Amino acid sequence: MLLRASATSVAAMALDSSLFLHLTEQFFHMHGYRPGSSEVRSWERSIPTLVNALNEAGLGDVEVMLEYALPLNSKRADVVLAGVHPVTGEPSYVVVELKQWSQATPDEDDPALCRIDAYARPVLNPIEQVRRYCEYLVNFNGALAGHPERVAGVAFLHNATEFGVTGLREIEVDDRGQLFTAERRGQFLDHLRTKLSDRHPGADAADELLAGKPVPSKQLMAVAAEEVRDREQFVLLDEQQVAYRMVLNAVSKAKRSDHKEVVIVTGGPGTGKSVIALSLLGELYRQGVPALHATGSQSFTKTMRKVAGARKREVQDLFKYFNSFMTAEKNTLDVLICDEAHRIRETSANRYTPASHRTGRPQIEELIDVARVPVFLLDEHQVVRPGEMGTVAEIKAVAAKKGFACHVVPLDSQFRCGGSDAYLRWVVRLLGLEPGGPVRWEPDDRMQLLIADSPEEVEVFLEGRRAQGYGARMSAGYCWPWSKEPKPGDPLPADVVIGGWTRPWNLRGDRAVSGAPPSALWATDPAGFGQIGCVYTAQGFEYDWSGVIIGPDLVWRRDKWVTDRTASKDPVFKKSTPDADVDRLIRNTYKVLLTRGMVGTVVYSTDPETREKLRELVGAQREVAAV
């Protein structure tokens, strides 16, 4: 939040220009950089219009909160007004989305989206935008959890005429999604008077809202429980059930006394870590226990939101990122489930983090502090970036320093790679992640392993499997530069170039381009075939058939693997990254890529000597050309 004051005070600040100076200074203090000219321009033009309307309506004592940060989220509402309801006498809040648009039209395909001349792409209809902000506040602010009726929302398009935006009202308009224009300014004032009293100041109501803890509401958890239960088709076996029960038992202890303990669940690909996470969420929500799911992977989080919250969008907000808890109070949650915890970073700060939040605290500490029972599910062999700190030793060390009990549950049985323990052992021995050196592949009836002589062979083979109804993807080591995102309608660039064969990397952005899915959906959208995935989009996912291109960053020389950091184009490797770390992370990268397939994996190396070694280990009869 950049400013909190009464409408009268904000209007006075706007008159003497101190308002915009204050907002700019606060923005720089919080974010570490200057606001853009468009943002400053919106403050200068929109805020005075709103506070003048409030004062004209006799609501000068209403509390105005500018750039209000939504809990556990990077989004900000333009304004939240706090006051007292004129009928009930209870606290009352109005979320206001300010737009300078003069006109906007609904999108032809989806009225929840709209188009304006300033943007090439459609944007969210402001009615829908402010409605979602209201719902999010109710779902995640403890002061509102039992009082959803206290929140209303309006979009105020103060430069627009009715003729210019009338089509935006084609979508449902309700108490949390209203739209007013300059031509309906009188109606806007009347609407504000129905929500906010002109006889009582709003300071106490603002205090109550700001004091509300950021926890998921009981109503939201009930919806999530129903959603996860409807989709739950998991049967937890053996140590999976042990891990599940240990977490629930720890929650029970925490309820009975001032108790806190850390649970770590370790296991390789496909051992059921994410299945345990979803099962826990469903059970905890059914019990009404405040819990959240968090990961460090954008692709993984977006997919979880899509899978678990496809029918109920409010459920999507229960899936967070590891850096969402920088400012959260200790023990805000009962349970925080940290999935893919090997992606935990040294700190949560990045270049967009406000200066006031750059505490230097380790991210592991933040995650442990925020919940009475923090749960970490991880695979140490999937650490693929410098600065990732999610190891059993690191987590145990922080728990010990804080005096908390810590329990580790290893998962042995696995369900990826056809459930073939032999294949997983072969991969970790191949890459030198376990002692003993590479061993010859002894085929079992669970997993197929094939060697290709060219990327064309890999692609043609996988196309044949897709024609049979299987899912398939091709991925590669990060050994080719990544082009800029193409413009809509432009062809995808030729990124991965091997001889005369070229293919694009998967997209980097959050939108589909030229038929290719956004980055986060590459592994799950059938349209992902045709682009080459990297470790960051493949990690955490699985598909029937996996084609893996081993690039020149990992080659076999005489009797050992040699990593060549100069062949890697991964920008996360800095000059300061030690050679030993680069070696380990490159090997881990190929471990991730080689363990995505459920039915089979086809491997190609760009290096002739390495291909020869793979043929020796796998057997010539298992070359793609022989199949």
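1. Helix 1 crosses helix 3 with left-handed geometry (left-handed: the near helix is turned anticlockwise from the far one by less than a right angle). Helices here are DSSP runs of H or I with at least four residues, and strands are E runs of at least two, numbered from the N terminus. The model is predicted; local features need pLDDT of at least 70, side-chain atom pairs count only at pLDDT 80 or more, and totals for chains, interfaces and linings use all residues. Residues are numbered from 1 along each chain as its sequence is written, and side-chain values use heavy atoms, without hydrogens and water.

2. The axes of helix 1 (residues 7-15) and helix 3 (residues 37-56) come within 9 Å, crossing at roughly 135 degrees. Helix 1 is therefore oblique to helix 3 (under 35 degrees is roughly parallel, over 145 roughly antiparallel, 65 to 115 roughly perpendicular, the rest oblique). Axes are lines fitted to C-alpha atoms, for helices over the stretch in contact; angles run from 0 to 180 degrees between N-to-C directions.

3. On helix 1, the contact residues are Ala7, Thr8, Val10, Ala11 and Ala14; on helix 3, they are Ile47, Pro48, Val51, Asn52, Leu54 and Asn55. Contact means heavy atoms within 4.5 Å.

4. Six strands form an open sheet, ordered 12-11-13-14-10-15, with parallel pairing (pairing needs at least two DSSP bridges). Strand 12 (319-321) and strand 15 (405-410) are the edges; each has a single partner strand, so one side of each lacks a neighbour in the sheet. Twist averages 25 degrees from one strand to the next.

5. Strand 11 (residues 291-295) pairs with strand 13 (residues 333-338) over 4 bridges. His293 has Ile337 as its bridge partner in strand 13.
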